[in-house]
Amino acid sequence: MSVVFITGTNKGVGLELARAYLQQGHRVLGTCRDVARAEALRALGEAHPGRLSVHPMELTDETSMTALAAALVGQPIDIFINNAGAAIGYSTDASRNVFGALDAELWMGMFKSNAIGPVLLAQQLYPNILMGAGKKMVFITSKPASIAENTGGAMYMNRTSRTALNQAIKSMSIDLKADGVAVASISPGWVKTDSGGTGALITAETSARGIVDVISSLTIANTALFADYKGELIPW
Ligand SMILES: NC(=O)c1ccc[n+]([C@@H]2O[C@H](COP(=O)([O-])OP(=O)(O)OC[C@H]3O[C@@H](n4cnc5c(N)ncnc54)[C@H](OP(=O)(O)O)[C@@H]3O)[C@@H](O)[C@H]2O)c1
């Protein structure tokens, strides 16, 4: 049984990742911003007694990450997954995400939640990851983070915040290799969730099951993996 840490487990891909790992018999440490309102997560925990614990965490608030790290002192983590993140444009108003209307405050918020927060969180929980046997650090990013694949333009805040995270992932894959920690950036696909909208192509369950398979194939030999939920490599 592995211990899998997953952020944003109250809904969408994060909830399905938690379900998939619990169904495989693992223990899950989940996070969400509002534990009291995470009804689906609570039901999931009741279906798997003693194997799901839920902690509050906000990626734009360093004190909440410090409190989480304090609550988890001494707890080994085999697989770290930062799934939580923000998106603008599919199910939310995209009018401020186009050239000519870009908004600094909103853009900085996207950087905090999508690029800076996930790395600071990994930094805070690194002692736990080093204690674990799995030694895998995974970040859910997106295909639009790829500069090489950008043929469509637009999506400035989504793309740049994830591209910045990808650059940090690449650095971590180099810096942490000596510790035996494998690092990956995984695109979930275009998923029918609050972020992806109803016009998306796949369900959260399909995305999560694919991501779990990709993570099981991650080793120190293929660290710096950038792939989609089907395991297809994405150029940086
Ligand atoms: N759906 C897609 O097509 C798609 C495509 C590319 C990438 N992604 C990425 O895949 C991941 C999973 O998304 P999803 O599709 O499952 O979307 P979702 O259902 O909207 O879930 C997003 C999760 O991230 C959490 N979150 C957002 N900002 C946060 C912050 N600042 N601090 C802590 N938690 C935060 C949300 O919490 P609340 O419920 O409190 O808001 C929620 O738990 C996200 O990183 C998303 O950007 C999704």
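Among contacts between residues at least 6 apart in sequence, 69% join residues at least 24 apart, where a contact means that two C-beta atoms, placed from the backbone, lie within 7 Å. This is a predicted model, in which local features need pLDDT of at least 70 and side-chain atom pairs count only at pLDDT 80 or more, while totals for chains, interfaces and linings use all residues. Residues are numbered from 1 along each chain as its sequence is written.

Let's start with the overall layout. The protein has seven helices and seven strands, and from the N terminus on they follow the order β-α-β-α-β-α-β-α-α-β-α-β-α-β. Its radius of gyration is 17 Å, close to the 18 Å that the globule rule gives for 236 residues, so the protein is as compact as a globular protein of that length. That radius is taken over C-alpha atoms, and the rule is 2.2 Å times the number of residues to the power 0.38. Helices here are DSSP runs of H or I with at least four residues, strands are runs of E with at least two, and both are numbered from the N terminus. Along the principal axes, the C-alpha trace spans about 50 × 40 × 35 Å.

Now for the inside. Buried residues make up 44% of the 236 residues; a residue is buried if 20 or more other C-beta atoms, placed from the backbone, lie within 10 Å of its own, exposed if 12 or fewer do, and partly exposed in between. In soluble globular proteins, nonpolar side chains tend to be buried together. The largest nonpolar core here has 55 residues, and F5, L17, F80, I81 and V138 have the most contacts inside it. Such a core is a set of buried Ala, Val, Leu, Ile, Met, Phe, Trp, Tyr and Cys residues joined through C-beta atoms within 7 Å. Helix α1 gives the most to this core, with six residues. Not counting residues up to four places away in sequence, F5 touches L29, I77, I79, F80, I81 and L125.

Helix α1, residues 12–23, also supplies the largest share of the shell around the ligand, three residues. In total, 29 residues surround the ligand, the closest being G8, G12, G85, S195 and G196; a residue counts as near if its C-beta atom, placed from the backbone, lies within 6 Å.

The 13 residues of α7 (204–216) should span 18 Å at 1.5 Å a residue, and its end C-alpha atoms are 18 Å apart, which agrees; the expected span is 1.5 Å times one less than the number of residues.

The loop between α7 and β7 (225–228) holds L218, which is buried, with 21 other C-beta atoms within 10 Å. Leaving aside neighbours within four places in sequence, L218 is in contact with K136, A182, A184 and L225. L218 and K136 are 82 residues apart along the chain, yet their C-alpha atoms are separated by 7.5 Å. A224 also has its place in the loop between α7 and β7; its phi is near 75 degrees, a positive value in a residue other than glycine.
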